[in-house]
Amino acid sequence: GNSVTQMEGPVTLSEEAFLTINCTYTATGYPSLFWYVQYPGEGLQLLLKATKADDKGSNKGFEATYRKETTSFHLEKGSVQVSDSAVYFCALSEDSNYQLIWGAGTKLIIKP
Amino acid sequence: NAGVTQTPKFRVLKTGQSMTLLCAQDMNHEYMYWYRQDPGMGLRLIHYSVGEGTTAKGEVPDGYNVSRLKKQNFLLGLESAAPSQTSVYFCASTRTGGSEQYFGPGTRLTVT
């Protein structure tokens, strides 16, 4: 079946460091891929998405490229801020009911 | 525009008690979902609905029931609460043809 694997956290970085959070997936077809972010005490919100191979999603300085050959969708940011501290979820959708398959989430801690 | 709202925000139940969680959305979305979030496990789909009057089981439906009598509301019921149902519950919705799910702020439920 379909699945999403994310790197385990927590990931702790200093402010202005480069961020990579790895995400790989298994799917039978051609899924859409997503990164969601959950700030403390809040619900999840969409950070970025990509719907086909080689698409790059971007938002708030974050980027992720849909790599079909490596079945990956790694999240990157060039210079993180304390306000980026949150839990990040990778997910895929390949279902006519728009169901999402979720990774376990990666907690990101940014220290000033 | 309130988006997706959930009530209550917090609840403590004793084992065997029942309760209903309410999710409401004002975006005229067809699809609605109930998830539970447990530490280290990401989000797991409990039940979902593809339209008014329809419901379907997700990954972890046991111990829960749902109803979608009105398009804008999706209710999650626990008939006889168990400590294993201690979790944070999220509701989400999406439109037909859409891919982004919009989330409510969550309900933190503790069963003692």
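Start with the charges of chain B. Select its Lys and Arg side chains as positive and its Asp and Glu as negative; His and the chain ends are not counted. There are 11 positive and 8 negative side chains, and the centres of the two sets lie 6 Å apart. Each charge is placed at NZ of Lys, CZ of Arg, CG of Asp or CD of Glu. Now do the selection on chain A: its 9 positive and 12 negative charges have mean positions 2 Å apart.

This is a predicted model, in which local features need pLDDT of at least 70, side-chain atom pairs count only at pLDDT 80 or more, and totals for chains, interfaces and linings use all residues. Residues are numbered from 1 along each chain as its sequence is written, chains are lettered from A and ligands numbered from 1 in the order in which they are written, and side-chain values use heavy atoms, with hydrogens and water left out.

**Stop 1: chain B as a whole**

Show chain B as a cartoon. It has zero helices and 11 strands. Helices (H or I, at least four residues) and strands (E, at least two) are DSSP runs, numbered from the N terminus. The radius of gyration of chain B is 13 Å, close to the 13 Å of the globule rule for 112 residues, so chain B is as compact as a globular protein of that length. That radius is taken over C-alpha atoms, and the rule is 2.2 Å times the number of residues to the power 0.38. Along its principal axes, the C-alpha trace spans about 40 × 25 × 25 Å. Of the 112 residues of chain B, 50% count as buried. Buried means under 20% relative accessible area, exposed over 50%, partly exposed in between (1.4 Å probe, protein chains only).

**Stop 2: Ser93(B)**

Select Ser93(B), in strand S9 (residues 87-94) of chain B. Is Ser93(B) buried or exposed? Ser93(B) counts as buried, because its relative accessibility is 0%. Leaving out residues up to four places away in sequence, Ser93(B) touches several residues, including Val4(B), Met27(B), Tyr33(B) and Tyr102(B). A contact means heavy atoms within 4.5 Å. Then pick Leu22(B): 71 residues from Ser93(B) in sequence, and 13 Å away in space, C-alpha to C-alpha.

**Stop 3: where the chains meet**

Show both chains. The contact takes 23 residues from chain B and 18 residues from chain A. Leu43(B), Ser99(B) and Phe103(B) supply 29% of the area that chain B buries against chain A, more than any other three residues. Between the two chains about 1500 Å² is buried, and carbon and sulfur atoms give 54% of it. Buried area is the accessible area (1.4 Å probe) that two parts lose on being put together, summed over both.

**Stop 4: chain A**

Chain A has zero helices and 12 strands. Its C-alpha atoms fill a box of roughly 40 × 30 × 20 Å, taken along the principal axes. Of the 112 residues of chain A, 46% count as buried.

**Stop 5: backbone details**

Which residues does a cis peptide bond join in chain A? Select Gly9(A) and Pro10(A), where omega is about 0°. Pro10(A) lies in the loop between strand S1 (3-6) and strand S2 (11-14). In chain B, a cis peptide bond joins Thr7(B) and Pro8(B), with omega about -5°.

Back in chain A, go to Glu16(A), in the loop between S2 and strand S3 (19-21). Its phi is near 75°, a positive value in a residue other than glycine. Glu16(A) counts as exposed, at 61% relative accessibility. Finish at Lys60(A), with phi near 55°. Lys60(A) lies in the loop between strand S7 (56-59) and strand S8 (62-65) of chain A.
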